[in-house]
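Please open the structure in a viewer and follow the stops below in order. Each stop names what to select and then describes what is found there.

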Amino acid sequence: MAEYKGVMVHAEAAEGKLAGIATELLGCGRKLADELGEELSAVLTGGEVGNLAQEAIAYGADRVYVVEDKLLEDYRTDAYVAVMEKAVKQASPRVLLLGQTATGRDLAPRLAFRLETTATMDCIELEIDPETKRLLQTKPVYGGNARAIFSGEAAPQIATVRAKAMSPLERDASRQGEVVAIVAGLDPSAIRTRVLEKVSEEVEGVRLEAAEAVVSGGRGIGSAEGFQQLEALAKLLKGAVGASRPPCDNGWVPDLMQVGLTGKIVAPDLYIAVALSGSSQHMAGCSGCKNIVAINKDAEANIFREARFGVVGDWKKVLPAFTEKVREMVEG
Ligand SMILES: Cc1cc2nc3c(=O)[nH]c(=O)nc-3n(C[C@H](O)[C@H](O)[C@H](O)COP(=O)(O)OP(=O)(O)OC[C@H]3O[C@@H](n4cnc5c(N)ncnc54)[C@H](O)[C@@H]3O)c2cc1C
């Protein structure tokens, strides 16, 4: 392979648009590329994605590689690994970023194996070491109790990045860039899986992972009815309701609402944690939250160590007053 240079981003698309994670990776990739004084490229893969190339440029890419093929319409490991390997070998980036999404989680380690390099999963901070030009990759470890910084000698350095950990750039439609088509050249017989059916997750209101405000309840909520009060607050904040594991295990709320190590990862501006203790397994899903507000009757609860603001008290008294105040502010 030629000399490794520049930063490359796998830009995922969803419903004919760049996915949120793609714009976040482009924002972060732009910063890293500027620190290196090198180029930022994006790879678009799919059935029909060429129309998104200009959008990727508007969000920061200097060059966009487009790999379009009917066989790439749905994510299938064999096909995506093959075309990504091709794109990476053509561009020889020193850094390759993917989203910590279902696609990125499947793709990154397999690509790393094919390219005889390493992948660091679930990063929340990335920077370039100015002396070595190596990527320093920060990720939560030990169930979110600590952060570790990884780096390595192999190239390209591959990292997946947690949703909402990075910010997109302001969209600039006047930005110029180059679009390069890559022929997928896929052999259908080498793709060992077929998509038989697609079932969309039905969500009322805002999706938990995408919400800017999340109101989460814990064991202390005590019942499904209790969660209706959390719903009311979330609705006022145009946000979503989450939960720690016990309310899901107890059947008060669906499992899809669980936040944490074995649940969803959220990164809203505002995370209101009600009657949950803030276990390390729960906090593993919240490390990207910008502002945590805790309501708990136990002043010693760990959540107060994580929270920016906290109220010590019974949520049944605190939450209605809090919700009323928010209602006054929102509805004027
Ligand atoms: C492998 C593994 C994976 C796990 N994954 C997850 C995960 O993804 N997500 C997750 O959440 N957990 C996970 N857990 C479980 C985790 O260890 C904790 O048991 C769980 O997070 C505790 O939930 P909680 O804070 O709601 O309950 P508790 O720890 O029991 O806390 C309840 C809190 O409510 C407060 N409280 C009670 N009544 C009131 C009241 N009236 N007003 C105000 N406050 C009140 C109490 O003071 C207490 O702090 C996992 C565990 C394991 C072993």
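**Beginning after helix H5**

Select Lys 238, which follows helix H5 and has a positive phi, near 55 degrees. The model is a predicted one.

Next, select helix H5 itself, residues 224-236. At 1.5 Å a residue, its 13 residues should span 18 Å, and the C-alpha atoms at its ends lie 19 Å apart, which agrees. Display the side chains of Phe 227, Leu 230, Leu 233 and Leu 236, which are among the buried residues of H5; Gly 226 and Ala 234 are buried as well. Which elements cover these buried residues? They include strands S13 (213-217), S14 (240-243) and S15 (270-274), together with helices H6 (245-249) and H9 (315-331).

**The parallel sheet**

Now turn to the open sheet, in which 7 strands are arranged in the order S7-S11-S6-S1-S4-S5-S12 with parallel pairing. Select S7 (119-123) and S12 (178-181): these strands stand at the edges with a single partner strand each, so one side of each has no neighbour in the sheet. From one strand to the next, the twist averages 20 degrees.

Within the sheet, select S1 (residues 7-10) and S4 (residues 40-46), which run parallel and are joined by 4 bridges. His 10 has Val 43 of S4 as its bridge partner.

**Helices on the sheet**

Select helix H3 (residues 77-91), which packs on the sheet and touches S1, S4, S5 (63-68), S6 (95-99) and S12. The direction of H3 makes about 155 degrees with that of S4.

Finally, select helix H4 (residues 102-114), which lies across S1, S6, S7 and S11 (157-161). Helix H4 runs at about 160 degrees to S7.

Methods: Residues are numbered from 1 along each chain as its sequence is written. This is a predicted model: local features need pLDDT of at least 70, side-chain atom pairs count only at pLDDT 80 or more; totals for chains, interfaces and linings use all residues. Side-chain values use heavy atoms; hydrogens and water are left out. Two strands pair if DSSP finds at least two bridges between them. Helices (H or I, at least four residues) and strands (E, at least two) are DSSP runs, numbered from the N terminus. Axes are lines fitted to C-alpha atoms, for helices over the stretch in contact, and angles run from 0 to 180 degrees between N-to-C directions. Contact means heavy atoms within 4.5 Å. The expected span of a helix is 1.5 Å times one less than its number of residues. Buried means under 20% relative accessible area, exposed over 50%, partly exposed in between (1.4 Å probe, protein chains only).
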